[in-house]
Amino acid sequence: MDSTATDRFDTSRFEASRNRLASLAYRLLGSATDAEDAVQDAFLHWQAADRQRIKVPEAWLTRVLTNLCLDRLRSAQARRERTAGAWLPEPLLDGDPMLGPADTFEQRESVSLAVLTLMERLAPVERAVYVLREAFSYGHAEIAEILDLTESASQQHLHRARRRITAARRRSGDEVDRASARRIVEEFLAAATSGRTERLVALLTDDATAISDGAGLAEKLLQFDTAQRIAAVVRAGFKPTPAKRRLAGGTPAVHYAFVNGAPAILFVVGDQVIGAVTFDVTGGRIATVRGIAAPTRLVRLTEAWRQHEPDTPLITQW
């Protein structure tokens, strides 16, 4: 096999792992953009390596990609960005290959916005052990080799990570029935756009929280932690005004969607998603509302939306 054919063969071996690597990187970093960059860095390492000596490409690539992500999480810049109070996971439209694997509850939960946010509280190595074990079913011996630690240390990291994640699992509850979720979100939207504060409060849990990135204009996330305050903010935020339409670049349509496995409403102008509101639903009520409108967080979601066949909008012109 000549060198050109060898390069093509080796590139195809990498491409066969690309979606899995991107899914791993997204869970580790919480950002599709950063995940894509990490995968590209892994490809450069693959190109530079003596590939004839790599016996199991999937294992080699997993080790390289995981450690590239850990380097990013440990960097001074990442620590500044993530501790500045302005970080949220990047939302992905259901069906995006970066969300896979999704066969088990643990795999689906590991990519939920709730758990991605909670994983920010874990040390980088705890996050890596948790993701490798829960989402990709690696054994502790394999994890120890990937992360260059002992099996007992891997077990201890997993125990600590699971203990912290359990709080989110209790809060988010079981997987929501999709038909029920849609009904609840439609009721929320109807109450928000009509200004029915009492109905909004009734749809929220007693300990509901709301988080917004302020369309990327605020230095820190905006957070609200009482049902009454959330209802008031939602009522004001969902009231259309000429100023909001100018900021949006037009008159949005409002669509129902699933994002990271959770119900959401998307504000769309033309084929551009200019805002996403996601909901954690438990016990028939809404426990968490997240508003994401910073353009940098909506790039991949918009790309997926353009290839998506949407349902009829909940609101044709907001």
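How many residues does helix α3 have, and how far does it reach from its first C-alpha to its last? The structure is a predicted model, in which local features need pLDDT of at least 70 and side-chain atom pairs count only at pLDDT 80 or more, while totals for chains, interfaces and linings use all residues. Residues are numbered from 1 along each chain as its sequence is written, and side-chain values use heavy atoms, with hydrogens and water left out.

Helix α3 covers residues 32–48, which makes 17 residues, and spans 24 Å, close to the 24 Å expected at 1.5 Å a residue. That expected span is 1.5 Å times one less than the number of residues. Helices here are DSSP runs of H or I with at least four residues, strands are runs of E with at least two, and both are numbered from the N terminus. Ala32, Ala35, Ala38, Val39, Ala42, Phe43 and Trp46 of α3 are buried. (Buried is under 20% relative accessible area, exposed is over 50%, and partly exposed is in between, with a 1.4 Å probe and protein chains only.) Looking down the axis of α3, these buried residues fall within an arc of 150 degrees, so they line one face of the helix; the arc is taken from the directions from the helix axis to the C-beta atoms.

Now to the sheet. Six strands form an open sheet with mixed pairing, in the order β2-β1-β6-β5-β4-β3; two strands pair if DSSP finds at least two bridges between them. Strands β2 (222–224) and β3 (253–259) sit at the edges with a single partner strand each, so one side of each has no neighbour in the sheet. Strand β3 runs antiparallel to β4 (residues 262–269), and seven bridges join the two. Within β4, Phe267 is the bridge partner of Val254.

Arg290 lies in strand β6 and is buried, with a relative accessible area of 5%. Its side chain makes a polar contact with that of Asp280 at 2.9 Å. (A polar contact is a pair of N or O atoms within 3.5 Å; within protein, one must be able to donate a hydrogen and the other to accept it, and residues adjacent in sequence count only if both atoms are side-chain atoms.)

Glu58, by contrast, is found in helix α4 (residues 57–74) and is partly exposed, with a relative accessible area of 41%. Glu58 and Ser75 are 17 residues apart in sequence and 26 Å apart in space, C-alpha to C-alpha.
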